[in-house]
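Have the sequence and the 3D view open side by side. This report walks through a few strands, helices and contacts, one at a time.

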Amino acid sequence: MKIAVYGASGYQGKLVLTELARRDIEPVLAGRDLTRLEQAASAAGLLDAERRVAGTGDHAALVRAFRGCDGVINCAGPFTSSGEAVVRAAIAAGCHYVDTSGEQLYIKKIFDTFATEAQNAGVTVVPAANDGCVPVDLMARVLADHLGSVEEIITTHVIVGGGGMSRGSLRSLAETIDAVKAGGLTYDDGDWRPGMPARRTAIRLPGKSEATPVMAFPVPEVVTIPRHIRVRHVEGLTEAALGDRLNIPLTPEIIESLPEGPDEDSRRSQRFTYVIDASGTDGRRARGIVQGPDTYGTTAVIAVEGARRLIVEPAKPGVLAPAQAYHPIAFLDVLISHGIQWITEDASAT
């Protein structure tokens, strides 16, 4: 098995390389700058790994960079401006593809643009193979199977600690800030609509006695869940306190002055909680909860596991949501050994 990592020299890319090395999967380091690729290979202890240089503006070079690989993991954000080129090249090279994007409109565009192209090439594309979208999308499928018929799904993301965002994540945020401040897309009555107000202004989170104020947020699973669940309404939320932080200017100069990303101790201290509230058409309600540490480290595990599964347990070709590409419970159970816990409960307990 050989997997190309595009953006291998970035913060998330280096964590993906470390995870590939841990699993003894052969990587190909791909990116725009050979010197940075050499440094990334050294940092990951992959001195013999192949390096291939290609920019997103050179389709032929990108295709050559992916030739002979079984899969591609794209970690090079902002994806809104560069991701499509990498998807197109991976498909042309005959490689299964995952990326670590959390950019909601980009993810929708991949579904809208590449479904037929990937099908014709016999390639599977799974965008948003990250700490949030994959477990939440899989949990939504588990809840839908339990309820039978679903009216509404609302997801809430809460992250505490961790030492802040990586420079790459901040660049992605800066590039999509207007959509973020507008709350992103909501799925309603068969279509995705921008700028709809959140139906909930507060939510009771696990372990909290008081309701937590929330705001609409462009989470990826609003795009993926309706691809495999017949549901009337899907929306994504996060803590309302994030709104104040979004008002801080994110100029390129400010971003470059910050550390590349949180250090290992900070990542270990971070905790995420993702809550999935589902309502059935018969009035029954169910809740799924995913909790764990280290969003960046978890993303590396999920991206590598996702790419590996596409190679050894092929899904149907096309652009797929996580729950279309992977068995939900089997994938969620793999994450348990990495400190990620998931449970389902009757909503009467919340």
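Strand E8 and strand E12 (residues 233-239) are joined by two bridges and run antiparallel. Keep in mind that this is a predicted model.

**Around strand E8**

Asp188 stands opposite His233 in E12. Tyr187 faces Val234, also in E12.

E8 has another neighbour, strand E9 (residues 191-194). Four bridges hold the two together, and they run antiparallel. Here the bridge partner of Tyr187 is Trp192 in E9.

E8 and E9 form a hairpin, with two residues between them. Look at Asp189 in the turn: its phi is positive, about 55°.

**Around strand E12**

E12 is mostly covered as well: six of its seven residues are buried.

| Partner of E12 | Bridges | Sense |
|---|---|---|
| E8 | two bridges | antiparallel |
| E7 | six bridges | parallel |
| E11 (residues 212-216) | three bridges | antiparallel |

Thr156 has Leu237 as its bridge partner. Ala216 also has Leu237 as its bridge partner.

**Val150 in strand E7**

Now move to E7, which pairs with E12 in the parallel sense. The strand covers residues 150-160, and Val150 is in it. Is Val150 buried or exposed? Val150 is buried, because its relative accessible area is 7%, and buried means under 20%.

What does Val150 touch, beyond residues up to four places away in sequence? Its contacts are Ala144, Ile229, Arg230, Val231, Arg232, Ser279, Gly280 and Thr281. Ile248 gives a sense of distance. Val150 and Ile248 are 98 residues apart in sequence, and their C-alpha atoms are 38 Å apart in space.

**The sheet of seven strands**

Next, find the open sheet. Its seven strands come in the order E3-E2-E1-E4-E5-E6-E15, and the pairing is parallel. Which strands are at the edges? They are E3 (50-53) and E15 (318-319), and each pairs on one side only.

At the E3 end, the neighbour is E2 (residues 26-31). E2 and E3 pair in the parallel sense over four bridges.

Helix H1 (residues 11-22) lies across E1 (2-6), E2 and E4 (71-74). H1 runs at about 165° to E1.

H1 also packs on helix H13 (residues 295-312). Their axes are 9 Å apart, at an angle of about 55°. The two helices are therefore oblique to each other. Their crossing is right-handed. From H1, the residues that meet H13 are Tyr11, Gln12, Leu15, Val16, Glu19 and Leu20. From H13, they are Tyr296, Gly297, Thr299, Ala300, Val301 and Val304.

Helix H3 (residues 59-66) is another one to find. Its buried residues are Ala61, Leu62, Val63, Ala65 and Phe66. What covers them? The cover includes E1, E2, E3, E4 and H4. After H3 comes Gly68, with a positive phi near 85°.

**An aromatic pair**

How many aromatic pairs does the structure hold? There are six. One of them is formed by Phe79 and Tyr106. This pair is tilted: the centres are 5.7 Å apart, with 40° between the planes. The pair links distant parts of the chain. Phe79 is in helix H4 (residues 79-92), Tyr106 is in helix H5 (residues 104-121), and they are 27 residues apart. Both Phe79 and Tyr106 are buried.

Terms used:
Residues are numbered from 1 along each chain as its sequence is written. This is a predicted model: local features need pLDDT of at least 70, side-chain atom pairs count only at pLDDT 80 or more; totals for chains, interfaces and linings use all residues. Side-chain values use heavy atoms; hydrogens and water are left out. Buried means under 20% relative accessible area, exposed over 50%, partly exposed in between (1.4 Å probe, protein chains only). Contact means heavy atoms within 4.5 Å. Two strands pair if DSSP finds at least two bridges between them. Axes are lines fitted to C-alpha atoms, for helices over the stretch in contact, and angles run from 0 to 180 degrees between N-to-C directions. Rings of Phe, Tyr and Trp (its six-membered ring) pair if their centres lie within 6.5 Å; planes under 30 degrees apart count as stacked, over 60 as edge-to-face and the rest as tilted. Angles under 35 degrees count as roughly parallel, over 145 as roughly antiparallel, 65 to 115 as roughly perpendicular and the rest as oblique. A crossing is left-handed if the near helix is turned anticlockwise from the far one by less than a right angle, and right-handed if clockwise.
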